Amino acid sequence: MRLATLKPMRVLGIETSCDETGVALVECQPGRAPRLLAEALHSQVGLHRPFGGVVPELASRDHIRRVLPLVQEVTTSAGIDLAGVDRLAYTRGPGLAGALLVGAGVACALACALDRPAWGIHHLEGHLLSPFLARDPPSFPFVALLVSGGHTQLMAVARVGDYRLLGDTIDDAAGEAFDKSAKLLGLGYPGGADLARLADQGDARAYALPRPLMHSGNLDFSFAGLKTAVATQARKLGPAPSDTQRADLAAATQAAIVDVLVHKSMRALETSGLRTLVVAGGVSANAALRLRLDQAAAAAGCRVHYPELHWCSDNGAMIALAAAMRLQAGLSMHDRRYTFDVEPRWALGAASDVPLSENLG
Ligand code: KG4
Ligand code: ZN
């Protein structure tokens, strides 16, 4: 049975947890870093923009339309047909239930048709491992800062599949704080990147905004109070703030979020005794955050790793990679092809892994 893992394995990953349909093919071999063979992505940002946020039913329907053509695009560009896929991997959660069901259903249907196992992957595990696709990948162990639209967590990562939660947000996520503040500044959905662009032209010292829980003594986060402070400040500026006022408020908002993220990440390194920080999730694309983290880490003799910019937000490559790395590590999950389910609220804590023998089914 063990011999089955020695030949190159091709894993097809499908991500449909929110508003991107992502498909990718990753090849893994013992003793070698997994290799991305092909990937394709369709973003639904244009579809949801008129509504100012993700409309779950529209998201599910669009995933249905996109996912099979993207699978076709990926296999064609990798120069293989579907029979050349050895494992199917899909995002099992967390995410929008209907959207997750599309990826799970398609992956498991393909798995049945091809007689291959299908694995349900944790979306945050995908984000967390995505820097391993970069040219300069990290090594274990490390502290991970996961900053996305739905999550803000610090984790101690000993190895693939061994994740210990150090701190979490008690209300809004960092990405949510960017998005909600962006909306208050009259920017569109999803807003984080637009707010960052506007912040580039502003002076962060123009407004004093709170840094919630910054000195709480633990590694938890809170961003709801910051959003309220931004709302209060925006109201004071009236219905027609000047470009300078908007840019200053954007800069002050970004500085408050970045300050908290940097402070807590450095504290997590300090208290854990680890010297490597991995930052992943949509907000890890933020240039101000990268600059400040790099400076703080260098001063403390630590290093920071990020995903390449195009793998910061949701994509299929991180799901295929997480499955491939689990396979290489001798871990994985149950073959779910006949009993698939999704976990819209799935916590990435100390993940319970199953022995390798269960993966080969
Ligand atoms: O990881 P992701 O693509 O989706 C989730 O799993 O949630 O993260 C999306 C989040 C959004 O809140 C978006 O505004 C934010 O990442 N984001 C940014 C930037 N690019 C994306 N936030 C700040 N600065 C950016 N450059
Ligand atoms: Zn995500």
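I began with Leu261: leaving out residues up to four places away in sequence, Leu261 touches Leu145, Val147, Thr152, Ala174, Phe221, Phe223 and Leu289. I took contact as heavy atoms within 4.5 Å.

The model is predicted, so I noted the limits: local features need pLDDT of at least 70, side-chain atom pairs count only at pLDDT 80 or more, and totals for chains, interfaces and linings use all residues. Residues are numbered from 1 along each chain as its sequence is written, chains are lettered from A and ligands numbered from 1 in the order written, and side-chain values use heavy atoms, with hydrogens and water left out.

**Cores**

I looked up the largest nonpolar core next. It has 48 residues, and Phe223, Leu261 and Val279 have the most contacts inside it. Strand E6 (142-147), helix H5 (174-184), helix H6 (192-199), helix H7 (224-236), helix H8 (243-272), strand E9 (276-280) and helix H9 (287-299) each give at least two residues to this core. H8 supplies the largest share, 14 residues. Another core lies apart from it, with 37 residues, among them Leu124, Leu133, Val160 and Ala323. A nonpolar core here is a set of buried Ala, Val, Leu, Ile, Met, Phe, Trp, Tyr and Cys residues joined through side-chain atoms within 4.5 Å. Buried means under 20% relative accessible area, exposed over 50%, and partly exposed in between (1.4 Å probe, protein chains only).

**Whole chain**

I counted 10 helices and 10 strands in the chain; these are DSSP runs, helices (H or I) of at least four residues and strands (E) of at least two, numbered from the N terminus. I checked the radius of gyration: a compact globule of 361 residues would have one near 21 Å, and the chain agrees at 21 Å. That radius is taken over C-alpha atoms, and the globule rule is 2.2 Å times the number of residues to the power 0.38. The C-alpha trace spans about 65 × 45 × 30 Å along its principal axes. Buried residues are 54% of the 361. Of contacts between residues at least 6 apart in sequence, 73% join residues at least 24 apart.

I opened Val71 in helix H2 (residues 56-78). Val71 is buried, at 3% relative accessible area. Beyond four places in sequence, Val71 touches Leu12, Ile14, Val23, Leu82 and Leu110.

I then took Gln254, in helix H8. Gln254 counts as buried at 8% relative accessibility. Setting aside neighbours within four places, Gln254 contacts Phe178, Leu195, Ala196, Ala199, Asn286 and Ala288.

Pro131 sits in the loop between helix H4 (123-129) and E6. I found Pro131 buried at 0% relative accessibility. Neighbours within four places aside, the contacts of Pro131 are Pro137, Pro138, Val278, Val279, Tyr306 and Pro307.

**Backbone**

I noted a cis peptide bond from Gly93 to Pro94, omega near -10°. Pro94 is in the loop between strand E4 (87-93) and helix H3 (97-114). The bond from Tyr189 to Pro190 is cis, omega near -5°, and Pro190 is in the loop between H5 and H6.

I also noted positive phi in non-glycine residues. Asp115 has phi near 55° and lies in the loop between H3 and strand E5 (118-122). Asp115 counts as exposed, at 54%. Leu213 has phi near 60°, in the loop between H6 and H7. Leu213 is partly exposed, at 30%.
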